Amino acid sequence: MTDVPETPVEALLEQLASRHSELLVLSDGSLAMKSVARRIRELGEFDMSLVGRLEPGRRLVHRSWQGTMSTALHRLVVPEGVGLGGKSIAERRPVWVRDYRTSDTITHDFDELVAREGLGAMLAVPMIYGGEVLGAVYVGIRDEASFGDRVIARVEEVAAVASVTLVSSERAKLQTGVALDAERGRMAADLHDSVSPVLFRIGAELRSLRSMDDLDRIRDRLDEVERQVTSVSALLRNSLARLNEQPPERRLAVAIQEDCEAFEERTGLPASFVALAEIPELAPGRTEALTSVVREALVNVEKHAQASTVVVSVVVAGGRLTVVVADDGHGWATGDLAKAGHLGLPLSERRMERVGGGVSVVGNEDGGTTVRAWVPCEAESTGDG
């Protein structure tokens, strides 16, 4: 990609992307935890922070981190009562040690992993909402140290906010599922109301044939049954077509959601789609071009980023629709990809230009890469290509 001076529209998009980050955090649990890890580390002179979520089996799993020097503690599974975090969720209170490896107040199942991070003092605080433990947050220092009451209280405040944010994201996901279930229920009711009466009439006609011995009347009734079967077949075909039909304004969202699900199935890594605005109807060429960028970006994350999560979001502002693909990996540069013979994004960039749009790839300050692809929302003035 060639660097060009930032235009007012690009500057506006950058500002909007920053403002929308809070909405993304509220809509996506993995982003929420990443934000918490960053915020906790910024509270004091902490070398490292971790956020773990309580998952089935009362096991704490480290899902987000900041300031780690290795992957030793990444995605670590901590049973309840084990180690520092396990003790904090079991006792539902903050737990800290001056030196992890010499402490006699915790189990030492993870000494080797903690040593690889060079950690000494550590503090773990449970995240609790409505009396339910949701996980724990940690801070660590690569030296021996004590944690005062003020520091512990500040970390507890962030843990409390994190609990609310996590519950909000889960409720948003649940509401989406409820809406989908309601739509499926409506479609099922439509099918029942349109098809069931016809099937009932067909059954009645067939039962009446048993009492007839007039071949002409039987033939007439069979002709009527045949017409009704043809009718119900047409109703079913139309209903199935409606079920599969995607309004123009939903095609991009459906395609992105399917790509995120496919990415999760391939990699086992969470990939979320969040629409921060209503998606307007786009010309097919623009929808296909945006979709190609998303797919290529996800492939590059899979192959090069070593990420733990990916979020795809849509923003509409300044007469443009922008799709953003952000990961929390170690970052990858388009120049490096080009040198290695990866031409997917450069090809996608040219396709975006043919539909009046563009692509940018930037590294995030805290690691990872953000890919943005945008198109005008108004009618196309260029060919689809």
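Before the first click, a cut-off: a residue counts as buried when its relative accessible area is under 20%, as exposed over 50%, and as partly exposed in between. Keep in mind, too, that this is a predicted model.

**Stop 1: the aromatic rings**

Select phenylalanine 46 and phenylalanine 147. Both of these residues are buried. For phenylalanine 147 the relative accessible area is 6%, so it falls under the 20% cut-off.

How many aromatic pairs does the structure hold? There are two. In one of them, the rings of phenylalanine 46 and phenylalanine 147 sit with centres 6.4 Å apart and planes at 40°, so this pair is classed as tilted. Now colour by sequence position: phenylalanine 46 is in the loop between α2 (29-41) and β1 (48-55), while phenylalanine 147 is in the loop between β6 (132-141) and α5 (149-209). That is a link between distant parts of the chain, 101 residues apart.

Tryptophan 96 belongs to strand β4 (residues 95-97), and 51 residues separate it from phenylalanine 147 in the loop between β6 and α5. Is tryptophan 96 buried or partly exposed? Its relative accessible area is 34%, so tryptophan 96 is partly exposed.

Show Phe46, Trp96 and Phe147 together and you have a cluster linked by ring pairs.

**Stop 2: salt bridges**

Next up, charges. Side chains of opposite charge can pair when their charged atoms come close. With a cut-off of 4 Å between a side-chain nitrogen of Lys or Arg and a carboxyl oxygen of Asp or Glu, the count is eight salt bridges. We'll visit some of them.

Start with arginine 63 and glutamate 55, whose side chains form a salt bridge at 2.9 Å, N to O. Arginine 63 has 36% relative accessibility and is partly exposed; glutamate 55, at 23%, is partly exposed as well.

Move on to aspartate 259 and arginine 295, another salt bridge at 2.9 Å, N to O. Which helices does this pair tie together? Aspartate 259 is in helix α7 (residues 248-267) and arginine 295 is in helix α8 (residues 284-305), so the bridge joins parts 36 residues apart in sequence. Check the surface on each side: aspartate 259 is buried at 12% relative accessibility, whereas arginine 295 is partly exposed at 45%.

Stay on helix α8 and pick glutamate 288, then arginine 351. Their side chains meet in a salt bridge at 3.4 Å, N to O. Since glutamate 288 lies in helix α8 and arginine 351 in helix α10 (residues 344-354), the pair ties together parts that are 63 residues apart in sequence. Glutamate 288 is partly exposed, with a relative accessible area of 44%, and arginine 351 is partly exposed at 25%.

**Stop 3: a charged patch**

Zoom in on glutamate 226, which is part of helix α6 (residues 215-244). Is glutamate 226 buried or exposed? With a relative accessible area of 53%, glutamate 226 is over the 50% cut-off and therefore exposed.

Key
Residues numbered from 1 in each chain as written. Predicted model: local features only at pLDDT ≥ 70, side-chain atom pairs only at ≥ 80, totals over all residues. Heavy atoms only, no water. Helix = DSSP H or I, 4+ residues; strand = E, 2+ residues; numbered from the N terminus. Buried < 20%, exposed > 50% of the residue type's maximum accessible area, 1.4 Å probe, protein only. Phe/Tyr/Trp six-rings, centres within 6.5 Å; stacked < 30°, edge-to-face > 60°.
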